[in-house]
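Welcome, and please take a moment with the sequence and the model below. We will start with the whole chain and then visit a few residues one by one.

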Amino acid sequence: MPRTSHVGISLRIEDEAERERLKQVVMECIAAEGIKETGGFILRTAAEGAGSDEILMDIRYLRRLWEQIDGQMKTAASPSVIYEDLSLAMRTLRDLVNPRIEKIRIDSRENFQKVRQFVAELMPELSEHLEHYPGERPIFDLYSVEDEIQKALERKVMLKSGGYLIIDPAEAMTTIDVNTGAFVGHRTLEETIFKTNLESATAIARQLRLRNLGGIIIIDFIDMEDEEHRRQVLRTLEKQLERDHAKTNIIGITELGLVQMTRKRTRESLEQVLCEPCMCCQGRGKLKTPETVCYEIFREILREARAYQAEGYRVLANQKVIDRLLDEESGNVADLESFIGRSIKFQVETMYSQEQYDVVLL
């Protein structure tokens with residue numbers, strides 16, 4: 001707020017200690033920057049849990065941006081655009097870059113020039129991190145980005161030890177199940193379980209960031225007898241979650257041995273951004289078997305026979321369903337023809353999914 005010195009905290013941040021901490025961090029950042037002129041700030045919900053380095057970067061960015069806008073207002077002719085929302089590359093720099101970032105590599109020379117100018121004006125501390133990638137090999141291939149995206153969309157995540165995670169996002173919560181798989185320890189079963197759980201804790205924290213999963217998350221680690229092992233696994237999970245830009249909160253372990261935690265929803269998950277529900281199963285992830293569809297067809301023919309007078313019926317369906325009707329279900333088809341006193345013909349529709357069919361009156 002460039003024309004007032006007030007520092008406000010979003011009312012949605014309800015923890016009084018966190019509100020006080022944030023206000024103190026802002027005041028310390030203002031003092032460190034030597035800001036004496038008017039200029040206040042509002043900390044919105046995304047600031048909850050943020051460190052002083054991240055808040056300081058935002059304060060510097062906002063002050064430089066206001067100086068730029070203020071200068072344009074004094075010199076621009078009317079009407080003219082003073083400010084508009086940033087492009088994707090600039091928004092990425094503004095929202096996702098933090099002091100832990102080592103390099104920002106850009107393979108488009110045009111975008112690199114725009115980003116360099118943007119950084120020079122508003123985020124000069126990032127200048128040394130910028131790097132243009134001129135190679136012929138696509139940058140996504142160089143860093144295996146496509147492979148990582150594909151892995152992050154799969155339900156099963158393999159661990160280096162041979163164990164694996166099963167991640168199931170649902171409407172109410174996300175569940176994560178840990179399994180030892182092929183991993184067998186060198187000493188005891190307890191050691192195998194402990195090492196798998198430790199590796200899983202690190203992998204889970206990374207998967208939550210990659211997939212941007214939010215809301216309630218339930219983790220089913222493999223049961224451990226040793227209380228110290230349980231504490232170490234929880235400590236590892238907490239330590240790995242410290243790197244997360246979204247606020248996380250580990251609530252504890254239930255009587256069933258499930259770890260309860262929450263992660264703040266910042267935007268849509270990776271799956272929601274990149275995917276849409278399957279047109280065949282409508283997002284269920286399951287298809288009715290050809291046998292099930294065959295019996296649905298039989299019932300539909302009976303309904304049609306009772307409701308309408310027809311010389312016969314033609315069934316249009318998927319190849320697998322027609323194959324079953326002509327083979328395993330051929331006896332049932334003959335019985336049905338005899339019962340209704342009409343002939344039934346079959347026609348393959350290559351564009352139909354396994355669950356689709358039509359019964360046409362002849």
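The radius of gyration used here is taken over C-alpha atoms, and the rule for a globule is 2.2 Å times the number of residues to the power 0.38. For 362 residues, a compact globule would come out near 21 Å, but the protein chain has 30 Å. Its C-alpha trace spans about 95 × 70 × 50 Å along the principal axes.

Before going further, a word on what you are looking at. This is a predicted model, in which local features need pLDDT of at least 70 and side-chain atom pairs count only at pLDDT 80 or more, while totals for chains, interfaces and linings use all residues. Residues are numbered from 1 along each chain as its sequence is written, and side-chain values use heavy atoms, with hydrogens and water left out.

Helices (H or I, at least four residues) and strands (E, at least two) are DSSP runs, numbered from the N terminus. The protein chain has twelve helices and 13 strands.

How much of the chain is buried? A residue is called buried under 20% relative accessible area, exposed over 50%, and partly exposed in between, with a 1.4 Å probe and protein chains only. By that rule, 36% of the 362 residues of the protein chain are buried. The accessible areas come from the Shrake-Rupley method with a 1.4 Å probe, and for residues only the protein chains shown count as cover. The protein chain exposes about 22,900 Å², with carbon and sulfur atoms supplying 50% of it.

Contacts tell us how the sequence folds back on itself. A contact means heavy atoms within 4.5 Å. Take the contacts in the protein chain between residues at least 6 apart in sequence: 67% of these join residues at least 24 apart.

Lys and Arg count as positive and Asp and Glu as negative, while His and the chain ends are not counted. Each charge is placed at NZ of Lys, CZ of Arg, CG of Asp or CD of Glu. The protein chain has 50 positive and 63 negative charges, and their mean positions are 3 Å apart.

Is C29 buried or exposed? C29 is buried, because its relative accessible area is 6%. Setting aside neighbours within four places in sequence, C29 is in contact with S52, I55, L56 and I59. D53 is 24 residues from C29 along the chain, and the C-alpha atoms of the two are separated by 8.8 Å.

Another buried residue is Q240, which has a relative accessible area of 18%. Q240 lies in helix α8 (residues 227-241). Not counting residues up to four places away in sequence, Q240 touches A201, T202, A205 and R209.

P169 sits in strand β6 (residues 164-169). With 43% relative accessibility, P169 counts as partly exposed. Leaving out neighbours within four places in sequence, its contacts are T174, L213 and E271. P169 and I42 are 127 residues apart along the chain, and 34 Å separates their C-alpha atoms.

Some loops deserve a look as well. In the loop between α2 (52-75) and α3 (88-96) you will find P79, which is joined to S78 by a cis peptide bond with omega about -5 degrees. The loop between α3 and β3 (104-106) holds I101, a partly exposed residue with a relative accessible area of 28%. I101 and H129 are 28 residues apart along the chain, with their C-alpha atoms separated by 8.0 Å.

Where does S144 sit? S144 is in the loop between α5 (139-142) and α6 (145-153), and it has a positive phi of about 55 degrees although it is not a glycine. Q282, also not a glycine, has a positive phi near 55 degrees. Q282 belongs to the loop between α9 (270-274) and α10 (290-307) and counts as exposed at 57% relative accessibility.

Finally, consider the cysteines. A disulfide is a covalent bond between the sulfur atoms of two cysteines. Here a disulfide is counted when a pair of cysteine sulfur atoms is within 2.5 Å, and the structure holds zero disulfides.
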